[in-house]
Amino acid sequence: MAAQNTLSAITSFTPKSIPQLLKPAHLQTTSVRKDRHISSLTTSDRLKWRSKPLKPNEFICKCINRSLLQCQPEDTVVKHAKLVEVVREMTTNGIDNVKFDHLLMVDALERLGLDYHYEDEINLILEQCYLQIIKKGFIEHRNLYEVSLSFRILRQRGFRVPSDVFELFMGKNGKFIENLKYDIRGLTELYEASHLSIEGEDVLEEAAKFSSHMLQNTLSSLDDKEARRVKYTLENPHRRNFTYLSLLNSPKEFDAPILKELAELECMIAQPIRKMEINEVLRWWKDLGLGQDLKLARNQPLKWYVGSMASLADPTLSQQRIDMTKTITLIYIIDDVFDIYGTLNELTLLTEAVNMWDISVVDQLPYYVKSSFKAVYDTTNEIASRVYEKHGFNPIKSLRKSWATLFDAFLVEAKWFASGHIPKSEEYLKNGLITIGVQVFLVHMFFLLGDGNTEEKANLIDNNHEIVSSVSNIFRISNDLQYEKDENQEGHDGSYFKYLLMEHEFNSTEIAHEYVKKIISDTWKCLNKECLSPNPFSEKFLKGCINLARLAPLMYGYNNKNSSDLIEKYIRSIL
């Protein structure tokens, strides 16, 4: 009946399984990196800006206080700071005349999670590259590899590069030239680029079919290492795959020792931050007492942290990750209250209380109803207060609305189950886009990142913007490909896939799976379109949305992967 929420396929982690991994100290970070905003400068001004002395490493000076760094040797911190600036010089070297090597550097920085150090430099490189393409086209980039990678990097950052750049490699029949089958590197990058497509781009549709077919046919003729690399790309295209795991398939061009060394130091310095955040979540969860009040509910705070960590990987966003983890936790708990605790009358009164945002309405209801609503009420007000103090706008109206919408949708499912109503697949999906919980998550993230600092901007997210519904759709349908009973609970879950099978006659379950995967792919095209410039959202918010969508195949394993093992490895790596 109720939603299988956003992390339902990950191995169960409980507080008892991890205390030896974490330090007991509850450390705090309050500073957040301030962007320097050079996008409005003229080219001349930008050249002057680049000639100025480099500022001290913002990551060290602003984002980590000394108590977090005391567990690291001083030479580690100093070395990290120096390497950040060395790489900055590498990135900006020859930036007046952007070359393909600059794009390779940008790709490497993004894959290694180091790009947040160099946002201004990256934006300047890509702006110049885009202007060159607009003026000259891809005349200087005649090979498939360079055109494909350039297209992908620019599209990932929202630049509207036309897909007809690939017509360079197509014949008069509208098909890609057969001789390209020998260009494994080019085909691999073409396959990657095709996942940045939007609706109606037939050239990229053809690129995806051609490149995947040719790469599959060549696997047997490649050496083991190259074959593994190609196979991994086919199964995990970068755009739709969690960034951390894409590092496993970093191309040879990324073999720059200094970048790998910086990435290793970055991990060493970031680990205390991650541990602090998890300790803070554990402390909050224990003080909340819901683990004791709701014995049958899920009790997995480490598991709930993964969504926030993946969406907002930037180490400077520590408090935001903590608050987002609290939000995910409460989505899970309310799901369980609707699924296995409340009667229909109790759930109806609870939903009315949330819509009124009045804690007194549930005074006469059982403890599990009161305690769960009180947790939502107090935590949401606390987050709203923090946003107001930091950004000068109180988002409580929008946050309340997101919770009310979720409770309303949960109640719809509760009524379906109580009455024995079997919804049509589209009826279920429309409601399921809400019960998956992504909307609540992204609304909170929107304000925590400071995007919604005016009433006008708040209205963008209040009206379930297309970018929110796209991520929700990806999660809901990915989740419902796994429609078995959720995590040994006694609740009853609906499934879009199950209802689809009831309405349509598919020749096999495999064909039905492919049909649903096509829906996910089409939704990605919509999400890609919403991320193109101009759009009203910050780069951090857009990146958070994309990263969240990337988690879906790993969490729900609809590509027949052992998602639990992959996520567990990720969790252990950050600890």
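In helix α17 of this predicted model, the buried residues are Tyr368, Val369, Ser371, Ser372, Phe373, Ala375, Val376, Thr379, Thr380, Ile383, Ala384 and Val387. As a general point, an α-helix has 3.6 residues a turn, so residues three or four places apart point the same way. The buried residues of α17 pack against α12 (257-288), α13 (290-293) and α15 (318-341), and also against α16 (344-356), α18 (396-419) and α20 (438-448).

The length of α17, which covers residues 367-391, can be checked against its geometry: at 1.5 Å a residue its 25 residues should span 36 Å, and because its end C-alpha atoms are 36 Å apart, the two values agree. After α17 comes Gly392, whose phi is positive, near 80 degrees.

The side chain of Ser194 reaches the backbone oxygen of Tyr191 at 2.7 Å, and, when neighbours within four places in sequence are left aside, Ser194 is in contact with Leu204, Ala207 and Ala208.

Turning to the chain as a whole, there are 26 helices and zero strands, and 58% of the 575 residues count as buried. Among contacts with a separation of 6 or more, 77% are between residues 24 or more positions apart. The chain exposes about 24900 Å², of which carbon and sulfur atoms supply 52%.

Terms used: Residues numbered from 1 in each chain as written. Predicted model: local features only at pLDDT ≥ 70, side-chain atom pairs only at ≥ 80, totals over all residues. Heavy atoms only, no water. Helix = DSSP H or I, 4+ residues; strand = E, 2+ residues; numbered from the N terminus. Buried < 20%, exposed > 50% of the residue type's maximum accessible area, 1.4 Å probe, protein only. Contact = heavy atoms within 4.5 Å. Areas by Shrake-Rupley, 256 points an atom, 1.4 Å probe, with all protein chains shown as cover. Expected span 1.5 Å × (residues − 1). Polar contact = N/O pair within 3.5 Å; in protein donor to acceptor, adjacent residues only side chain to side chain.
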